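Subject: Structure handover

Hi,

Here is the structure I promised. Please open it alongside this note.

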Amino acid sequence: MADLATDIQYIKGVGEARAKGMAKLGIQTLRDLVSFFPRAYEDRTVIKPISLAVPDETVCIRAMAAAAPRLSHIRKGLDLVKVRVVDEGGAMDITFFNQSFVKDAIKPGEVYVFYGKVAGTARRPEMTNPVFERETTRNVTGRIMPVYRLTAGLSQNILAGAARQGLEACGEALPDYLPEAVREGYKLAQARYAYENIHFPLSFEALEIARRRLIFEELFIISAAMGVIRKIRTVKPGRGLKDADMDVFYAALPFTLTGAQKRSIEQAVSDMKRPTPMNRLVQGDVGSGKTVVAAACCWFTWKSGCQSAFMAPTEILAEQHYRSLSALLEPLGIQVGLLTGSMTPKQKKTVQGQLRLGELDVIIGTHALLSEGVEFFDLALVVTDEQHRFGVGQRSALTAKGDSPHVLVMSATPIPRTLALIIYGDLDVSVIDELPPGRQKVETYTAGEKLRQRTYNFMRKLVGEGRQVYVVCPMVEESETADADLKSAQEYAARLQQEIFPDLRVALVHGRMKPKEKERVMSAFAAGQTDILVATTVIEVGVDVPNAALMVVENADRFGLSQLHQLRGRVGRGEHQSYCILFEGAGGEVSRERLKIMCSTNDGFKISEEDLKLRGPGDFFGSRQHGLPEMHIASLAADMDVLTTAQAAASEVLKADPALSRPANKAMKERIDTLFELRANTLN
Ligand SMILES: Nc1ncnc2c1ncn2[C@@H]1O[C@H](COP(=O)(O)OP(=O)(O)OP(=O)(O)O)[C@@H](O)[C@H]1O
């Protein structure tokens, strides 16, 4: 019996060359091999008599070779083997292209099972290149077959063979992290059964039982790991801030808070009064008003005589937050400063000096806040915006500049609550699930080229009414096509200005511009000096120009739904009825269906749930920065009910054995420890 850490090249039938290919799929050890689950299954269980086989159907037939197969050489590179097969009620001609070995593999008078798509006519059915084997083998026909993710040089057969050998090599030593009591308590299958049937299911029922066990196990371990993190966290002392009457702050606001904003503020404030550092995520749909929650926390911190730092992912956003926070806080006597990478060394020095002496109460900035010269007089609150764009390492670098400061994370990406539970399982979550009053739904339409002229007319009409328009062109910054994308955005902007709207003011902003230049274009737009802003996705998050009432998105099929939702959130931020027109691009039927979701709802949570279903959690953020361990089997969109049960099971176990020191929990503990190692490696 082999150890789970055994290198797969030593597994029978794998060898060095295949091991290289498999490494590309992330399979290195025996554990990886048996945990590399099929991405789908092919149902080869249906065996039909030839007389009932209908063209276009994919089935198995059990038939005897009526004569020896004939091999003919058509031309260079094209060999044919033809064989006629018969069963009790019918006959079928089978053709194999370029598989001359079949000539000797199929013997006249012997019975085989062929699996393939029926062609020809009902009276003269045919099959081309079927999978076949001797009637008795049942290795590849007459059963449910796994379908694996592939890479160059590997085939389904190779992977299925390797999985079989892997299962055999493991014997009883399969990865099994579930404490026996939990397995029994929740009526889950044994590891052996689960692994056998996830790769080679005996029936669809068996597959379901196997899947349930493995999904449960995966979510159970992740939940337990998060529980352990929470415990570690609560041990570290911080300091509670002085209580203050929030009504004073509320009274100074230019608007009345929504119930959801107030609740989030109160949750955060109550955290900050405790000696354990706050670790809270404020999650809210686009335009739900997260900034004021951060402002309230800064105000509360200032009342205790301490400083707050607010880190944003881009200069544009830092500057925007600086403007809105200054507007909210300065009238209350709070000193607010800005620190970004594009400031001159002299400006930076001045700000750094003020921070060190405590002359600034709140500092807004980009990564520049992390640099060495930045020291605080007394930092008690760290706010990060769009956390998943920062690694946790960066967040903690800022936190380290204070004495266990409170941490508030804001995310505009509406992550389904359940996903948030996993990613941010070590954070408490406040959800702003209510928009400020008076917001109107952004009317959204998909459009093809035929509607282009009408769209231009509509743009002109809105501008005539004093509104402003965004035109968004997709640009994948790091891809090979980036240059071409940029060029086409530039040309498009020029064409709009010169040919379509010579009388209007058109500007372009894109990610490759110098920060200063970008800021100039954006501020001109914010000040109403531009009518139409052509933009690549730099405007995606957080830009707040309430007078903009129309967004036109070119090649909308190239964006993810959540990203489109973020983009769309740039309009409908004021009192004006707003619109979003999504040009379909070349994406075809599937992407049209996808875009329709955008027209049917303005609810970011619903949209991201759909997005998650379509793309899976790995792609959801475009990177692994979020620190979510890669999930082999659980699908966050589909398996949420299991998550709830698995979480309950995990917390039961942790309650009874907080250190996981009992022998029954040994495997589970080891697994969690490995997850922490992985997490540390991806995050820091
Ligand atoms: N309770 C409220 N009543 C009226 N207006 C509000 C309220 N709260 C916030 N606003 C205004 O709504 C706009 C959006 O708020 P804010 O910029 O904080 O949203 P956000 O949640 O950060 O959105 P995004 O993630 O899209 O940037 C701002 O112009 C803000 O002044």
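This is a predicted model: local features need pLDDT of at least 70, side-chain atom pairs count only at pLDDT 80 or more; totals for chains, interfaces and linings use all residues.

A question to start with: in which sense do β17 and strand β22 pair, and over how many bridges? The two strands pair in the parallel sense, and five bridges link them. Strand β22 covers residues 579–583.

**The six-stranded sheet**

β17 and β22 belong to an open sheet of six strands. The order is β17-β22-β21-β18-β20-β19, and the pairing is parallel. β17 (443–447) and β19 (506–509) are the edge strands. Each has a single partner strand, so one side of each has no neighbour in the sheet. Neighbouring strands here are turned by 20° against each other on average, direction ignored.

Helix α15 (residues 452–464) lies across β17, β18 (468–472), β20 (532–535), β21 (548–553) and β22. α15 runs at about 160° to β21. Helix α17 (residues 515–526) also packs on the sheet. α17 touches β18, β19 and β20, and its direction makes about 140° with that of β19.

**The seven-stranded sheet**

There is also an open sheet of seven strands, with parallel pairing. Its order is β12-β13-β11-β14-β15-β10-β16. The edges are β12 (336–339) and β16 (428–432), and each of these pairs on one side only. In this sheet, too, neighbouring strands are turned by 20° against each other on average, direction ignored.

Inside the sheet, look at β14 (residues 379–385) and β15 (residues 406–411). These strands run parallel and are joined by five bridges. Val382 stands opposite Val407 in β15. Helix α9 (residues 259–273) packs on this sheet and touches β10 (279–284), β15 and β16. The direction of α9 makes about 160° with that of β16.

**The ligand**

Which residues come nearest to the ligand? They are Phe255, Gly289, Thr291, Ala412 and Pro436, out of 20 residues around the ligand. By type, the shell divides into seven nonpolar, ten polar and three charged residues. Which domains does the shell draw on? Domain 2 (246–274 + 288–411) and domain 3 (443–601) each supply at least three of its residues.

Over to you.

Best wishes

Terms used:
Residues are numbered from 1 along each chain as its sequence is written. A residue is near a molecule or strand if its C-beta atom, placed from the backbone, lies within 6 Å of it. Ala, Val, Leu, Ile, Met, Phe, Trp, Tyr, Cys and Pro count as nonpolar, Asp, Glu, Lys and Arg as charged, and the others, Gly among them, as polar. Domain bounds come from an automatic or database domain assignment. Two strands pair if DSSP finds at least two bridges between them. Helices (H or I, at least four residues) and strands (E, at least two) are DSSP runs, numbered from the N terminus. Axes are lines fitted to C-alpha atoms, for helices over the stretch in contact, and angles run from 0 to 180 degrees between N-to-C directions. Two residues are in contact if their C-beta atoms, placed from the backbone, lie within 7 Å.
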